[in-house]
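Dear colleague,

I am handing over the structure below, and I would be grateful if you could read it alongside the notes that follow.

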Amino acid sequence: LPTSGRHLGRPFATEFNNFVYRPLVASAPSALADHYFVKSLPPLYQPYRCRFYRGTGTLTGTLLTTYRAPNDTLESGVITGATNKSGISKDLIDLQKIARRHGVRTEGLAFEREMVRARPIWFHGEAADTIRRLNHGTQSECLKTNHDAYTVGDMEKIVSCLLRPDHSPSEECECRGCLEIDMMTGDRCKNPHACAKRAKALLDTLPPKWDPRTPLPRLEPPRTQEEYGDDVEEWTEFDKNMITKGPLSEAFRIFTEGEREDQIPDLSKPTEAGSTLILATDGSCEKNGDDDAKVGAGVFYKDGSDLNLSVRVPSHLTQSNQTGELLALKEAVEAAPNNANLKIELDSKYVIDRVTKNLKRDEDSGYIEVQNADLVKLTVARMRERRTRTEVKWVKGHAGLARNEGADKLAGEATNKTPPTDLDMTINPSLRLSGAKLSKVTQALAYKAIRQRKMKENPPTRARTKSNLTSIKECAEERFGKRPTEGRIWKSFRHKDFSKKQSYFLWMATHDAYMVGSHWLRPAYKEEKQERARCKHCGILETMDHILTKCETPGQKEIWIEASKLWEKKRRGTWSQPILGTILASPLASFKDSGGIKLPSLARTYRILMIESAYLIWKLRCERVIQKEDNPFTTREVINRWVDVLNRRLALDQNLTNHKLGRKAISKDLVIKTWSEIILNRSTLPTDWTGTNGVLVGIRHDRESEGIG
């Protein structure tokens, strides 16, 4: 996490990031950071600052207390007169400013009692405002100096004397509890009863989640192997355990949102446990991955059951098969009788893993990289809300299993229904968990989370990007029969058939982010620079579409002619003159034979041919403008460069079939089918020519016949 660390430098930032756990090699600078940090605390900490953070780490303790810099200081970063009077250091202001900006706070559904007891009681961060006046006074000072009481656990021990039957509410009480207090303080405490009452008043300011006297949810233990019997390997029980354990640093979460909930979830068992219900859930998606996809969710118990459900996935959720599977599970556990144990059959390992073995990891990482994160969190909250057992089992889909087939049918029927408007998507506040555990966040995850938060706060509104995406969708629908979603378009740019430079080119071209055309017409630019907006050879405004498909300078026209000749060898009569939309849509290529069977090798040929050609056109244009002072290439130079690019790509594909690459190797069969019919002298080559040197793209004969190659 970034911080100025004006006086403390790197050790300060390291301590803030690592909290209690510091690497041994950094112990000396961290100790120095602690020393200067404690010295920078406000005067109100002076009498006991050296013991205040006992067992918590100085920076951890600061974030656990109600000590805060004024809001205006945090927002502006300017130290005011009032700030100076309170003794707040610039480093503390920077620390708290960063913590607030990134939503650092203690958060969890419930905390183990030892963690709660270890938290400092003075200026407790979650306590009611009344704790501020309880931090001072005769009894409070006695608790600090004579009782050495600084944590919630210390106060709980002192309060225990009030619960003794032989205790009398006077300073002369001689019950065993008060006598023990006298012994512990060396008779320095003159009124144990008054101190115990002050300790109780301090504890009474704590919310239930941070009050050690509040009992934790009593969760039913998971079933044993003996209870499962022969089904032990089939059924997986949903683990409701929600208690955060470990040191206090485990209580911190970053990137949190919304109001913090102080109540512990009520998960007491029902008074009467019902029978066990067996059901199946399933999702169905028409045109999966397309912009006009429709998704349904189905829940099936048995024929004619009133509990059967068929629900259309709302349009605001991602329209995918996984969304349908998740919504089906959510609807099933929500609508089932509260006192019934559930056994749910699913044919989606993705959903089962999300709510079982991946659950803790996802919650610790804040669902930063999880698809359908909001729906997953909602489904988990519904499963935790149930007071009975919920078990899941994977079954093979479309295998003739009655319940699975019934759920699949209901999900299919739901795709033709009207999307519901009254679907309950709210989470019980006591079961809502936001952010990620600070102790589990890596730099890479933090970077992604910050980008997500910025995108959510300021959604991109680039008109040119929107226009290009619309063009890509229309061209893909016309060329390949499917209208892709925006997410699918962006993902296609990272296809493994493309180099990183080519992927970047596609991304930049879609955003119209290259410095061409109207980008040079900014008012701040001089006339000399604004002249770069026009193509010097065509005399019109230069755009990416003009560069790739319309410019009269030798380059694009010659390359697309040669590309069309190669494609005609693969599929005669299907070439169409490229435009920017079809070029950017080519990563989504999909072709089928007359029987409707997909032809992945043909789609791969098209992708490679289109992107290698388009990227070369762009490179030639940049070389011409930047290196050759806008002097055009000759036709022969252009064609030779294109031939060389394709031959290099063919050689790369041959090398990528090497078995030494292990899992990274690509199939020889795929490579052979990709390049078959467009390589030279195919009839004289062996069946498996991937290991043969000198294999070339079949265009030399065409060039020789025209006398240019």
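To begin with a single side chain, R624 has a relative accessible area of 6% and is therefore buried, since the cut-off for that class is under 20%. Its partner D630 also counts as buried, at a relative accessibility of 13%, and the side chains of R624 and D630 meet in a salt bridge with 2.6 Å from N to O. Please keep in mind throughout that this is a predicted model.

Other charged pairs

The structure holds 49 salt bridges, and a few of them deserve a description of their own. D266 forms one with R387, where the closest N and O atoms are 3.4 Å apart. D266 lies in the loop between strand 5 (252-254) and strand 6, while R387 lies in the loop between helix 18 (373-385) and strand 10, so the pair ties together parts that are 121 residues apart in sequence. R387 itself is partly exposed, with a relative accessible area of 33%.

K668 forms a salt bridge with D688, with 3.5 Å between the closest N and O atoms. This pair links distant parts of the chain, K668 being in helix 30 (residues 668-675) and D688 in the loop between helix 30 and helix 31 (700-705), 20 residues apart. K668 counts as partly exposed at 40% relative accessibility, and D688 counts as partly exposed at 36%. Elsewhere, salt bridges that share partners join D497, R604, R607, E612, R649 and D653 into one network.

The sheet and the helix across it

The chain contains 31 helices and 11 strands. An open sheet of six strands, with mixed pairing, runs in the order 3-10-9-6-7-8, and its edge strands, strand 3 (236-237) and strand 8 (309-312), each pair on one side only. Strand 3 pairs with strand 10 (residues 390-394) in the antiparallel sense over two bridges, and T236 stands opposite V392 in strand 10. Helix 15 (residues 321-335) lies across strand 6 (276-286), strand 7 (294-300), strand 8, strand 9 (341-346) and strand 10, running at about 150 degrees to strand 6.

Helix 11 (residues 152-159) is mostly covered, with six of its eight residues buried, namely V152, G153, D154, M155, I158 and V159. These buried residues pack against helix 8 (113-117), helix 10 (138-145), helix 12 (176-185) and helix 13 (192-204). In helix 23 (residues 500-511) we find S503, which is buried at a relative accessible area of 14%; leaving aside neighbours within four places in sequence, S503 is in contact with F493, R494 and F498.

The chain as a whole, and its confidence

Of the 709 residues of the chain, 50% count as buried, and the accessible surface comes to about 36,100 Å², with 50% of it belonging to carbon and sulfur atoms. Among contacts between residues at least 6 apart in sequence, 70% join residues at least 24 apart.

The average pLDDT of the chain is 84, and 83% of the residues score at least 70. Over residues 1-32, however, the pLDDT is below 50, and this stretch has 48 contacts in the model beyond near neighbours in sequence. Over residues 69-85 the pLDDT likewise stays under 50, and the model has 26 contacts for them beyond four places in sequence.

With best regards

Notes: Residues are numbered from 1 along each chain as its sequence is written. This is a predicted model: local features need pLDDT of at least 70, side-chain atom pairs count only at pLDDT 80 or more; totals for chains, interfaces and linings use all residues. Side-chain values use heavy atoms; hydrogens and water are left out. Helices (H or I, at least four residues) and strands (E, at least two) are DSSP runs, numbered from the N terminus. Buried means under 20% relative accessible area, exposed over 50%, partly exposed in between (1.4 Å probe, protein chains only). Contact means heavy atoms within 4.5 Å. Accessible areas come from the Shrake-Rupley method with a 1.4 Å probe; for residues, only the protein chains shown count as cover. pLDDT is the predictor's confidence in each residue, from 0 to 100. Two strands pair if DSSP finds at least two bridges between them. Axes are lines fitted to C-alpha atoms, for helices over the stretch in contact, and angles run from 0 to 180 degrees between N-to-C directions. A salt bridge is a side-chain nitrogen of Lys or Arg within 4 Å of a carboxyl oxygen of Asp or Glu.
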